[in-house]
Amino acid sequence: MAKLSMVTTVGKPMSDFSAQNAVCYSGYRLGQDPRQGIFPSYEQVKQDLKILAQHWSLLRLYDCSHHAQLVLNVIRNENLPLKVMLGADLGAEVSNPNCPWGAHYSDKVLTANRLRNQQQIRQMIDYANAFPEWVFAVSIGNEASVDWNDHMVPVESLIEYAQQVRKAIEHPVTFCENYVPWTDKLIPLVPHLDFISIHTYPAWEYKDISEAIAFTEQNYRQVADVFPDKPIVITEAGWATKSNGQGIDKQQGNCVNQAQYCHDLVTWSRKNEVLSFVFEAFDEPWKGSDDPFEPEKHWGLFYEDRTPKPVVETLLGAPRAIASGGS
């Protein structure tokens, strides 16, 4: 199994990060929505990051919007001990008939998406170069190649983006995707990346909590066996605390299972020296359907009001009363 010591970030071995606590972060609160351009304020992001900096040192971001710029500015201005994996938010460059909820787009929309994708890539390059000490890696996209997605990007385009970014920055470059496409579709992309980033969600695949961590390890090994000489990071793994039965069994979505899975994930990751990002820091009400039990809304280690869920105490041995990050 290839180690992160093979990869460096601005002159520092990535292996230095393998034992650190890592979490995915989007700071959108009730009434905020990136699709509508309604972003958290500086003070709200500051509160979030002061909460997270108590126990986490690595954050994964998902786009290069105003939100990402705020995060980087807060970390720098407030001198917080955090580093960031930046991400590009790619729109569909081709239609995808395999998407269950529909992903057919006009040529006009696809052309506009390609232009916006280039803007995202250029913005990510600019942020990485403007905040070199606070960015430790970048991702050229998120779940843009898996069969069911609604923002499909051809592998050829992903290769072009990876090449473009690697020429422009010193940071390691990756692509974040479900574990399945790495073993076939994404094989041509791998030589253009510094490390592979996989997502593993036992709950989405109807696994009981009793078999969850074994399933995650199986997902990891499935990719590692194909690429024994390429470092692999888990950039998403977590457990929803509520479910309406759409995609996740109702009885599986609860705080007890979340605490168990995240504990097992962190224990396994440290034992095997695998950098793993828990998904995610805070519940996000804007996601998914209007159903309040929509699982997409309930992956946070903290509720939307920033109150910790039981997983915080289980995972970190920290009291659940650390809701306020102060001002």
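Biologist: Which way does α3 pass α4, in a left-handed or a right-handed crossing?

Modeller: Keep in mind that we are reading a predicted model. Here α3 passes α4 in a right-handed crossing. Helix α3 covers residues 107-130 and helix α4 covers residues 155-168; they pack at an angle of about 25 degrees, and their axes are 10 Å apart.

Biologist: Which residues of α3 and α4 meet?

Modeller: From α3 come Arg 114, Asn 117, Gln 118, Ile 121, Arg 122, Met 124, Ile 125 and Asn 129, and from α4 come Tyr 161, Gln 164, Val 165 and Ala 168. Sorted by class, this contact has 6 nonpolar, 4 polar and 2 charged residues.

Biologist: Let me try another pair. At what angle do α5 and α6 pack?

Modeller: Helix α5 (residues 212-226) and helix α6 (residues 255-272) pack at about 40 degrees, with axes 9 Å apart. That makes α5 and α6 oblique to each other. The crossing of α5 past α6 is right-handed. On the α5 side you find Ala 212, Ile 213, Thr 216, Glu 217, Tyr 220 and Arg 221, which meet Tyr 261, Asp 264, Leu 265, Trp 268 and Asn 272 of α6. The residues of this contact divide into 6 nonpolar, 2 polar and 3 charged.

Biologist: Now for the inside of the protein. What should I expect there?

Modeller: In soluble globular proteins, nonpolar side chains tend to be buried together. In this model, the largest nonpolar core has 96 residues. Those with the most contacts inside it are Tyr 25, Leu 49, Leu 52, Leu 86, Ile 140, Trp 182 and Leu 189.

Biologist: What is Leu 189 in contact with, leaving aside its neighbours within four places in sequence?

Modeller: Leaving those neighbours aside, Leu 189 is in contact with Ile 140, Val 155, Leu 158, Ile 159, Ala 162, Phe 175 and Trp 182.

Biologist: Is Leu 110 buried or exposed?

Modeller: Buried means a relative accessible area under 20%. Leu 110 has 8%, so Leu 110 is buried. Leu 110 lies in helix α3, and its C-alpha atom is separated by 6.4 Å from that of Ala 92, 18 residues apart along the chain. Not counting residues up to four places away in sequence, Leu 110 touches Ala 92, Glu 93, Val 94, Ser 95 and Tyr 105.

Biologist: Where can I find a cis peptide bond?

Modeller: Look at the bond from Phe 279 to Glu 280, which is cis, with omega near 0 degrees. Glu 280 is in the loop between β10 (276-278) and α7 (310-316). Glu 280 is also one of the contacts of Ser 26, along with Tyr 62, His 67 and Glu 284, leaving aside neighbours within four places in sequence. Ser 26 itself is in the loop between β3 (22-24) and α1 (42-52) and is buried, with a relative accessible area of 11%.

How values were computed. Residues are numbered from 1 along each chain as its sequence is written. This is a predicted model: local features need pLDDT of at least 70, side-chain atom pairs count only at pLDDT 80 or more; totals for chains, interfaces and linings use all residues. Side-chain values use heavy atoms; hydrogens and water are left out. A nonpolar core is a set of buried Ala, Val, Leu, Ile, Met, Phe, Trp, Tyr and Cys residues joined through side-chain atoms within 4.5 Å. Buried means under 20% relative accessible area, exposed over 50%, partly exposed in between (1.4 Å probe, protein chains only). Contact means heavy atoms within 4.5 Å. Axes are lines fitted to C-alpha atoms, for helices over the stretch in contact, and angles run from 0 to 180 degrees between N-to-C directions. Helices (H or I, at least four residues) and strands (E, at least two) are DSSP runs, numbered from the N terminus. Angles under 35 degrees count as roughly parallel, over 145 as roughly antiparallel, 65 to 115 as roughly perpendicular and the rest as oblique. A crossing is left-handed if the near helix is turned anticlockwise from the far one by less than a right angle, and right-handed if clockwise. Ala, Val, Leu, Ile, Met, Phe, Trp, Tyr, Cys and Pro count as nonpolar, Asp, Glu, Lys and Arg as charged, and the others, Gly among them, as polar.
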